[in-house]
Structures are given as C-alpha cells and as structure tokens.
Amino acid sequence: MRKWFARLAALGVALLVAGQGTTAALAQDPAAGKKIVRVGATQAMDSMNPFLAVRLVSTSIHRWMYGFLTVPDSKTLAPSPDLAESWSTSEDGLTWTFKIRAAKWSDGQPITAEDAAWTFNKMMTDEAAKTANGPAVENFESVTANGQDLVIKLKAPQASMLDNPVPIMPKHVWESVTDMANYDAEKYPTVSSGPYFAIEHKKDQYVKLQANPNYWRGKPKIDELQVIFYDNPQAAIAGLKNGDIDLLGRMNPPEFEAIQNDPNIVAWNEQGRRASYLQINHGATTSDDKPVGDGHPALKDQKVRQALHYAIDKQKLVDEVQNGLAKPADGSIVPPMYQDFFWEATGDEKVSYDPAKANQILDDAGYKKGADGVRTMPDGKRKLEFRFSIHTDTPHRGQAGRIPDGLLQGDRHHADHQEARLQQVHRGDRRHRPVRHRHQRLVGQPRPRRGPRHPPVQPAAQPDR
C-alpha cells in the first residue's frame, strides 16, 4: 500500500529539483517508466507569463521554470550563484557586473547576458512588464550586456541587488511579444532555464512540468511534477486521502491533526521558514518623507509599542491558535531553522506577557483612562482606538485577530463604537484579498484573553509553515 505524504511546513517542493534527490513519495508511471510527483496547491496560477503573474503559487512554479541572477542559499539564506556564477561591484556601489554562466535554455540555445539585459530593459520600458516585479528595476539607470558580462548601473546604492526577484527570460522567444499586457504565454513546451519546463496547463486545474535535461545543475531525478489546484484546503485533503496527489503542504493545525491517524498518510511537522505576526504603522513614510497610510499617532510612541508587546501572550497564541505547532518569537522574527540569523532573548532582555507592566508603562507615559475605561492620548483629545486587518480566508490568523488580549480589546459596553468592514488590500502573496478591519482599544483593566500579534514590537509566533 502506498502512503501519501502530508506536510504542515512549507510546500517543500524545493527538495524535488536540481537533481538533488528527494524525501517525497514518488508516484511511478510504469507504462512510461517515469517518476512523477503530484503536488496539491490551494491556489491556481493567475498567469503563465512571469511578467504578469503575482500569485504565490505562480511565482513558486516559475522559480522551477526560470533561473535568476542569484538565489538564497537553502541553509544560510546568503546569496548564492544561479545564472550569475559570480559578481562584483564598484566602490561607490553604483555599478554591478554579473558574469552569466555558460549554460543552455531547454531548447538548446545558449543563455547569455543579452537575455538578462533584455529582461530588465523590457521591464524598464514597458509598463505591463512591470506588473509582477516592477519595483525591482525602479532604481536601475541602465542595463547592458557585453559577452557574458551583465552590467547594471544604479541611480543610488541598493542593498537588495543580490536578492533580485526577476526571472531571466529567453530573449529569442520573448522579444516577439508586442502586447505584454495580454500575452498569456500559453505555448508549450516552454523555453526555460530552470530545473523544469512546462508542458501543459489547464486553467484552475493543473500544470505539468517536465525535467529539463539542460539545467545547469543537472537533470532533476524526478521526471515530471504535476501541480494540482484545489479550491480550498478541505478539497486538497480529500485529494490526498483519495490518492489523487502525493504531497500537500501549508496545512492549518486543525487539518494537520485531523490526518494524524490515517494509515495511508505520512504526516510530518518540521521547522518552518516563516513567521506569523501583526504589523503596525508606527509612522512609516516614503523615501521622500510622505506618510504611508493614516495610522494612529500613538503608535509612533515607543512606550505604547512596548506596552502592546507586554500585553500580548505569545505562548497562548501558540497553544490555542496554532495548537502548539509553533514557537513563540521571543527574539528575532527569523525562524530558528536559520541558526546563523536566529536570536532568542533571555533574562532581562526577554519580553514576557505582563499586562500589569503594560498598564504601568501607559500610566507613566500619560495615557490616562477616561470615564469609559478607554485610555486617551496625553492631551486627552483622542482615544487609543486602533484598527487592524485580518485575512478572514486564513483561519488561524483570523482566530488570532478575533481574540484580543490584555490592553488590546474592545470594551463590551461600547460595541457600538466598533466597526467591521471588508476592504481589498495588497498582501504578501501580492493578490488582492478581502480582510476584516476591527477597532481595538487600550483599556484600563486587562481581561485574561489573548490578542493579536505585533512584529515591530515583537513577532508573536514562528509557526511551522
């Protein structure tokens, strides 16, 4: 009996590429003699065109199909070579030279610096081509190619030059595209430089990828990857149980626990790569000092942010929202799997849940309680009522946002002052999604309930994801 694999941590498909072997289950196709892995995803690709695709699943699949100048090392996160085998920069940081390795596209044509130069110049001159990663080239003054040398001149020094998210596209295939905004790139097989190239895509159903024999690291050991799209996690889990897919990741804690006793599924929980947190606007501005958003002015006060930190019970969030399948972030937001970057506070440096201390900080800072028990600004002109947004389509984040704690709670006697509305926002996977906004108040006497998380003060938890 074959066992299907489930994973609570991140999708894990990076293990399947680059001819590096795999720990995933292999679905054999005896007739064709192929090794095939079918991966479930609860999101469908929005476009096969990397210049237009913005969904997380789309960019993940494109990372299997196309190379980049550099990529983060899988263990240390340090920049490591990809299509650029080496690089150098001028003393003033304004000129970067990347040496493009001698490699081939999947159709056998050589990969050159001209491909990279065309990709960046296309984005710099075509508004539609900026859709997915436009900010990555905003600081570029010019991009030129000389043999295998790619030269990028900047308007100002840029710290992220070795973390450029733009996939390099084959000039000889893409230079004929005249209407980038409406080009769906549904031509197969694709011409790719990554470990796989696409051979078939059926909208909202699946995409099939075939191993690239010309991949510079070597042909992957898995012959074919199939990414199967599902409308929701429940449908994906049903597919896993039915044997329609071999691997499923990014599961929510309740769903993960629900499959623990299924004899046909191997479920495992490993250290994750990411963190969940509540982010605040404490006076963010653009590069030309224009305010971003209309955040509450109290959030600019370090004392208020410290009070928020003491008012959040991170361990309760881990226990009750993540079902214990996470770790409180008592230090850096970087997860512990990255040991070179992870830091965990101890002793006097550690901020623990202490609502009494939070109240004392606010008292000392002049944020007095009004007659209704809600604190106000020191000048008494504005109450400490904060808005925050939660993604209601992400259950564990929604749960964390709905159960306030300590000073972050709405007064039950003033429910009429609370507001809930749906609004479209731009989130990390760069899709527009509905979120629910809530007002929260800093009140005088905390109740033993848990609250939302707050990264600029301290991230609440580092879930296995």
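User: Are Trp-96 and Phe-98 buried or exposed?

Analyst: Trp-96 is buried, and Phe-98 is too. Buried means under 20% relative accessible area, exposed over 50%, and partly exposed in between (1.4 Å probe, protein chains only). This is a predicted model, where local features need pLDDT of at least 70 and side-chain atom pairs count only at pLDDT 80 or more, while totals for chains, interfaces and linings use all residues. Residues are numbered from 1 along each chain as its sequence is written, and side-chain values use heavy atoms, leaving out hydrogens and water.

User: How many aromatic pairs are there?

Analyst: A pair of aromatic rings is described by the distance of the centres and the angle of the planes. Rings of Phe, Tyr and Trp (its six-membered ring) pair if their centres lie within 6.5 Å; planes under 30 degrees apart count as stacked, over 60 as edge-to-face and the rest as tilted. That rule gives six aromatic pairs. In one of them, the centres of Phe-51 and Trp-118 are 6.1 Å apart with planes at 80°, so this pair is edge-to-face. Phe-51 and Trp-118 are both buried. For Trp-96 and Phe-98, the centres are 6.1 Å apart and the planes at 15°, so that pair is stacked.

User: Which residues do ring pairs link into a cluster?

Analyst: Phe-51, Trp-118, Trp-174 and Tyr-183 are linked this way.

User: What lies over the face of Trp-216?

Analyst: A charge sits over a ring if NZ of Lys or CZ of Arg is within 6 Å of the ring centre and within 35 degrees of the ring normal. Here Arg-101 lies over Trp-216, 3.6 Å from the ring centre. Likewise, the charged end of Arg-63 sits over the ring of Phe-68, at 4.1 Å from its centre.
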